[in-house]
Amino acid sequence: MNAREINVSGTLVWYYYICPREVWLIGHQITADQDDANVSLGRFIQDYTYPRERKELAVGQSKMDVFRVTDEGLVIGEVKKSSKFKSSARMQLAFYLSELKQRGIEARGELRFPKEKRKEEVMLNEQTERELDKVCREILRILYLPAPPEPKKISFCRKCAYAEFCWS
Amino acid sequence: MKKTLYVFSSGELSRKDNTLFFETEEGRRFIPVEDTGEIMIFGELTVNKKLLEFLSIKEIVLHFFNYHGYYMGSFYPREHLNSGFMTLRQAEHYLDEERRLIIAKEFVRGAARNIRQVLKYYHGREKDVARQLNAIENLIAPIDECKDISTLMALEGNIRDHYYHAFDEIVGNPDFIFQERTRRPPKNYLNTLISFGNSLMYTICLSEIYKTHLDPRIGYLHSTNFRRFTLNLDLAEIFKPIIVDRLIFSLLGKKMITKESFDRVTEGIMMKEKARKCFVENLDEKLKTTIKHRDIGRPVSYRRLIRLELYKMEKHLMGEKEYQAFVARW
């Protein structure tokens, strides 16, 4: 991998909190099984929810799911299938907010769970920023490993689109 | 899991709005595109660029078979999964003779062990295949000692010779004697069935490769010439005995295919359409059958087993886990 390819993205932050092996695999463009039912469902939710809002704002390596410009400024949203991995989702969104901040844009974040008809606000504060900084360094360390971290059986494996890859 | 669409009738396949539309003299029907994994075409089919574009977006592979049922070629849409990392690893293992041999040997070993498993089953059912079984068992260990691909290929041919000689005893039907392996064109009914089954297997493997980060042009046992697909040929070696051959034995045993299922034509012997349909339907059924996988903890279909082989290959190439071919336990 050359240095230009190495970049932490929001998705990697999300996966970091779930499974470091996934971070390495995605970082090497070894994507998960796209036929997996949960992957298809995620894609569907992404494509068919919030039709009135503008989709996909690309900043750096990150793609934000939805965004809108209000009187109080920019609001970016991350759409998730469920709130089960809420803390990972919060950090993912916080990462986007910090990417925008580095570019001089103050924004607010909203986690969206359309199936649960819920949303949650996410703000950037000093503590989160410190944590993000640590996480980004940790992600880079994983990405530079010559081989992915060994698979570990966790509860997420049961529904993971990499499960067959990891456990075959 | 997405379905395989087998087209035997003649007509026009086209894109209609956001789905597939098939129109023949007998009728018209819509085919749900999201539910279609690959399309195998046996009939006369008219397609246009708009359709190919659509199939490309939907990542659907088209396999074409000619009038005689032989594989002609595939519409393999542009690669949708790209991992420079994996491509480099795959090429690296091809270029390094030693590493290439390690993988090629495992394909031959896997094929031989599955062949042994098939023979063991018939040996247990009082078929007189002990001699062939024995000969093949004695040829498995020498696979390790092969120093180059050509010796390995010769050994593989040797194993296959013994294996095919057991076919007459297994089938036990004078209409379906094996004689010798003949291709292009196959010279008897049994060879016609084997060729047909094998070419279906190659296309199925190709479709599964399309869903991974591997390049089908880089095979290890079968030489790459950077034009033809070869990795699917390697992969098919492992599954031919347990999927295709077993299916042939079962179709013949149940008299679902008889000598009346064939036509003699100037180019050789041809399966009638009805026989082809019967073969394909039963193959499809077999591929959908699931078994319990020890490590994954989910039921896994035969077709999925093919994909798992590719995942194991990827892990081998990544240097994570040495590839071990799937061997049937039954």
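A crossing is left-handed if the near helix is turned anticlockwise from the far one by less than a right angle, and right-handed if clockwise. The model shown is predicted, with local features requiring pLDDT of at least 70 and side-chain atom pairs pLDDT 80 or more, while totals for chains, interfaces and linings use all residues. Residues are numbered from 1 along each chain as its sequence is written, chains are lettered from A and ligands numbered from 1 in the order written, and side-chain values use heavy atoms, leaving out hydrogens and water.

View 1. Helices are DSSP runs of H or I with at least four residues, strands are runs of E with at least two, and both are numbered from the N terminus. The axes of α7(B) (residues 189–210) and α9(B) (residues 273–288) come within 11 Å and cross at roughly 45°. Axes are lines fitted to C-alpha atoms, for helices over the stretch in contact, and angles run from 0 to 180 degrees between N-to-C directions. The crossing of α7(B) past α9(B) is right-handed. From α7(B) come L193(B), F196(B), G197(B), L200(B) and I204(B). They meet R276(B), F279(B), V280(B), L283(B) and L287(B) of α9(B) (contact: heavy atoms within 4.5 Å).

**View 2. Helix α2(B) has its buried residues on one face.** This helix spans residues 84–95 of chain B. Its 12 residues reach 16 Å from first C-alpha to last, close to the 16 Å expected at 1.5 Å a residue. The expected span is 1.5 Å times one less than the number of residues. Buried in α2(B) are F85(B), M86(B), Q90(B), H93(B) and Y94(B). Seen down the axis, these fall within an arc of 165°, so they line one face of α2(B). The arc is that of the directions from the helix axis to the C-beta atoms. L88(B) and L95(B) are exposed on the other side. Buried means under 20% relative accessible area, exposed over 50%, and partly exposed in between (1.4 Å probe, protein chains only). The cover over the buried residues includes α2 (20–27) of chain A. It also includes α3 (97–124), α8 (231–253) and α10 (302–317) of chain B.

View 3. Helix α5(A) runs over residues 126–143 and has 18 residues. Its reach, first C-alpha to last, is 26 Å, close to the 26 Å expected. T128(A), L132(A), V135(A), C136(A), I139(A), I142(A) and L143(A) are buried. The face turned away carries exposed E126(A), Q127(A), R130(A), K134(A) and R137(A). Among the elements covering the buried residues are α1 (10–16), α2 and α4 (86–102) of chain A.

**View 4. E126(B) and K255(B) have positive phi.** Most residues other than glycine have a negative phi. Phi of E126(B) is near 60°. E126(B) lies in the loop between α3 and α4 (130–140) of chain B and is exposed, at 74% relative accessible area. Phi of K255(B) is near 55°. K255(B) lies in the loop between α8 and β9 (262–265) of chain B. K255(B) is exposed too, at 56%.
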